[in-house]
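Hi everyone, thanks for coming. Let me put the model up on the screen, and then we'll walk through a few spots in it together.

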Amino acid sequence: MSTILKIENLQAQVGDKAILKGINLEVKAGEIHAIMGPNGSGKSTLSSVLAGRDEYEVTNGSATYLGKDLFELDPEERAWEGLFMAFQYPVEIPGVSNINFLRTALAEKANYFKKEPLSAKEFLQTVKEKSALVELNDKLKNRSVNVGFSGGEKKRNEIFQMAMLEPTLSILDETDSGLDIDALRIVANGVNTLKTENNATIVITHYQRLLDYIIPDFVHVLFDGRIIKTGGKELALELEEKGYDWLTKEAVAN
Amino acid sequence: MKYTEDHLKVELENQEYEYGFTIDIESDKAPNGINEGIIRFISAKKEEPQWLLDYRLNALKVWQSMEEPDWAHVSYKKPEFQDISYYSAPKPKKELESLDEVDPEILKTMERLGISVDEQKRLTGVAVDFVIDSVSVATSFKEKLGELGIIFCSFSEAVKNHPELVQKYLGTVVPTTDNFYAALNSAVFTDGSFCYIPKGTRCPMELSTYFRINESGTGQFERTLLIADEGSYVSYLEGCTAPQRDENQLHAAVVELVAMDNAEIKYSTVQNWYPGNKEGIGGVYNFVTKRGICETNAKISWTQVETGSAVTWKYPSCILKGDNSIGEFYSVAVTNNYQQADTGTKMIHIGKNTKSTIISKGISAGQSHNSYRGLVKIGKGAQNARNFSQCDSLLMSDRCGAHTYPYIECENSTAHLEHEATTSKIGEDQIFYCKQRGVSEEKAIGLIVNGYAKDVLNKLPMEFAVEARKLLEISLENSVG
Amino acid sequence: MSTILKEKKFDLAVSTLNDEISKSALAEISNLEFPTRRTENWRYVKLGKLLKQDLKTDNVADLDISDFLIPELNTHVIVLVNGHYNETLSSSTPSAGLLIDRLENQKDTDLFTSHYNTLSEKHSEEIFTSINTAYNQDGVFIHIDKNKHIEKPIFIININTSSNLITNTRNLIVIDKGAKASIIQGYYTTSEKGNFNNSLTEVFVKQNANLSIDKIQDIDATDKHICTEEIHQEKDSNFKINTFILNGELIRNNVNISVDGTNCHSEMNGLFIGRDSQFIDNHTRVDHLKSHCISSELYKGILKDKSTGVFNGKVIVHQDAQVIEAYQQNNNVILSDSATMNTKPELEIFADDVKCSHGATTGQFDEEAIFYLQARGISKVRAKEMLIGAFSEDVLAKINNQNVRNFIESRI
């Protein structure tokens, strides 16, 4: 299996505050990785650094994505190369319809690969198929991006966009937060359906709940900017039962 | 390597004003200056009746007694009124029967402006009047409109062929004494568009005027008079461009709208006069008085997209005189580099159950200043008047300014007035979200700005909306920073 | 001799606080004109009657002030009668770090010279400001020393006991680094008529200091008051002013705040109730000069009879002031066809990283709500009172001290 993402000794800070203190992680095609950890452990920072948010400064280490230096790429280049991040708080863009937004995104990606963009007909056909996947209401497709969407609708919209963009590596940043059980099931079903042998998913979450539906191959525990333990899916269940304390105490002791 | 905002900035600064070319048409130009002799020259040149000459001479006197206003949030070198030529007509001067007779240079100009006359004629059925340096050069679709009794012609023609209508309405909405520039216009206006929609008639096509200042050292002083008789409807569009020049050109127009009982006028403007270069040299001074009066159950709706001009001073207004009348104002004003715009509206509620809506979206970039100035006045007798105003400003640079000056005056206890305003920076999180989905920064800004202005752009007729969207993107391309 | 403003005939003693400043203010006055309705900043104000009125000065020694005290509230009390500091009536308990004195007594101190007129000189083009600077006859000096928290509120009671008086009260307040205080300013009239107060207070809120002012204007229905507060805030400071206008023929308030430090918080609130032919004008101006500050403003007005209200709020965010949040809200209710409300909330923004908003509404009480209350057996008059109470609630809630709040509510 080929390597999609390889992170080595990644360190990053916001202002003067070091948040990531040396992360190592390798994600191969066909894998699902879960990153868990208590609040403030650096989970959201990791996803932001990978997606290229510029408040975060990488101070050391590297991330190689499909053989390229990830940090040399602009956020939109990362997107064109197939990196997708589902936002914890999807952003509202008033006046810009969901459809127009996606069409622009797809056209820019096609342009990057010097390909013809989808015709209007093909595009609408794809929209129809993919939106069924997350049971997204037709009305929402024509509404402004995320404006007036409920929490659950926003998260489903993220997965719908993921389906449209067909990423190689998806990072789901706390996608389960604020979801009721039905929405959670729909979102997870979308993610599972999109899974192939050639792509990979990183699920960032605080709770084990989402992992009942999206079964991870690996579970990593992030604490104080480092991965302090890696295990199989059973580690998530153990965390559910015992909490994080037994691990973090151990980490502090070390 | 990495394409940054700085690259974009350099690239766009080098991009010249797209519409900046001059047409080589020999002008029939008046000597510079303004005095009684010049007024008599213009009037004689246009073979005008005595009453119009008297009207002009009176306006000159009024103008000479007035002072140039300085209350707007704009600063500029005041025009030298004696250095302007007040009359400049492109040749040929003879009456044009059809578009085929139009100077091919002018037709070429229209095409370069993105308006193919033929195309418009065929596809959209828009009747177009072209006004270059204040002289109307071509009006299309005249016969078809004539069958319905609709008069759509140049102002000069209207003076010749329909003097009774012109004399009855000229100056009734914007009196000569209204303000400094209205007085100046009343004295020296050379041409413009005239339109009359008869009772109960729905004008079947968009009426459109394209204005262009061409000759250097001239001002443009056009006059538009639009009368919608009882129960009629018309949608009117105007577009403006000017060539690139180092000097400041003066444009002081007056637009008067009369909506009689149950009539509706929709007036849309896409203003793209030359804004000056990136150092703020040159550009048009756009000092315009636009006002409409609504009789019972009438409605006037102003929509404007303002991207051009070095200095804009413009407040399209509605006098809601008749009961149940409605006034609307939808505006997008973009300023970049050193542009200054002070624009807004006045909604004067006089009749009962009158309603007005104001939506203004300002976008400032570069070192520009963009002000909204508006008045909502509810008179004593305006029972149950309603107003909703929303004025938003979007800031794209740390050296630009966005200002809001709304006046809300209410003298009636049954009125409901609501005013909201916000000023904020273009959202960095929105730009990042777009980028994460693979939309480049430049495109993202275009999307976000168009989304922000959508409520206004949606009010434009289709064929204008596309042009307006493009204009917004062009005007702002080098602006985030 | 007597004072007629319009003719610039001032039968008033020139201020002796600082001869040079007085002199330049006099020169300023001779060059200035009284504002007319064409003066943008005084657009709706009818000054004619005031300018033509024959005004005089007066002094009085003894007075019963018990009517003006706030029940159950223990305060330092400063009393000015007809514009004169009255030491007999004033009673302030000595308290470490607190200095209360007649302004005149402090005029040779460094504290005085380094602060006096430094704020109002920027607005010397306002003729009433210059008149106060030239002719102020008395006033209060308050200094709170570094890091001192003065728990007991300081109550400045201004009372007019005579007719056709002109008073130019001048106050100077310095809240030093890390200090904290609250001040109540009350303006009252006994039974006399036709007075004109032209008061000016300069306020300095130093680094990390905290000051709140509650201002109560309850003068006679024939009295006029032009009241100016000039405030200067240093970094990390908090300032709040609540204005309650309960009576007076013509009231014009100018609150000008220069936010000249980072991380400041500034708040202005106001409630006014116009009756008869009252004219009530609130002008506020906030200059954000430094980054990372928040200002907010809430003014509410109720206009009855033939009264006129004006709200003009101006927020200016200067070029280098980034990350500013500024909020303005003005809501008005018009209860009579002869009442008028003029609102002008202005924003002037020269920076880009800002979040500013203003909202203004003018309307009337919901007839449905009144009917609903009537249907539950509440009289129409009482129903309206209840709605006025509800409408006023969010401004009253800005008062920190419950006793002060009760006092104001009882006077509405």
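Let's start with Asn185(B). If you skip its neighbours within four places in sequence, Asn185(B) is in contact with Phe221(B), Glu222(B), Arg223(B), Ala252(B), Ala253(B) and Val254(B). By contact I mean heavy atoms within 4.5 Å.

Quick housekeeping before I go on. This is a predicted model, so local features need pLDDT of at least 70 and side-chain atom pairs count only at pLDDT 80 or more, while totals for chains, interfaces and linings use all residues. Residues are numbered from 1 along each chain as its sequence is written, chains are lettered from A and ligands numbered from 1 in the order in which they are written, and side-chain values use heavy atoms, with hydrogens and water left out.

Back to Asn185(B). You'll find Asn185(B) in helix α9 of chain B, residues 180-188. Is Asn185(B) buried or exposed? Asn185(B) counts as buried, because its relative accessibility is 0%. The cut-offs are under 20% relative accessible area for buried, over 50% for exposed, and partly exposed in between, using a 1.4 Å probe and protein chains only.

What does the side chain of Asn185(B) pair up with? One of its polar atoms lies 3.0 Å from the backbone oxygen of Glu222(B), and there's a 3.1 Å polar contact with the side chain of Arg223(B). A polar contact here is a pair of N or O atoms within 3.5 Å; within protein, one must be able to donate a hydrogen and the other to accept it, and residues adjacent in sequence count only if both atoms are side-chain atoms.

Let's zoom out to chain B. Chain B has 13 helices and 25 strands, and buried residues make up 65% of its 481 residues. Take the contacts in chain B with a separation of 6 or more: 84% of them are between residues 24 or more positions apart.

How about the chains together? Two pairs of chains touch, and the pair with the most contacts is B and C. Chains A and C have no contact, and their closest C-alpha atoms lie 16 Å apart.

Now for the holes. Rolling a probe the size of a water molecule over the atoms shows where empty space is left.

Strands β18, β21, β22 and β23 of chain B each supply at least two lining residues. By class, the lining has three nonpolar, eight polar and one charged residues. For those classes, Ala, Val, Leu, Ile, Met, Phe, Trp, Tyr, Cys and Pro are nonpolar, Asp, Glu, Lys and Arg are charged, and the others, Gly among them, are polar.

Ser371(B) sits in strand β22 and is buried, with a relative accessible area of 1%. Ser371(B) and Ala333(B) are 38 residues apart in sequence and 9.0 Å apart in space, C-alpha to C-alpha.

Then there's Cys391(B), which is buried too, at 2% relative accessibility. Cys293(C) is in no disulfide either, with the nearest cysteine sulfur, in Cys264(C), 4.5 Å away.

Last stop, chain A. His220(A) is in strand β11, residues 218-223, and counts as buried at 6% relative accessibility. Its side chain makes a 2.9 Å polar contact with the side chain of His33(A).

Terms used. Helices (H or I, at least four residues) and strands (E, at least two) are DSSP runs, numbered from the N terminus. A disulfide is a pair of cysteine sulfur atoms within 2.5 Å.
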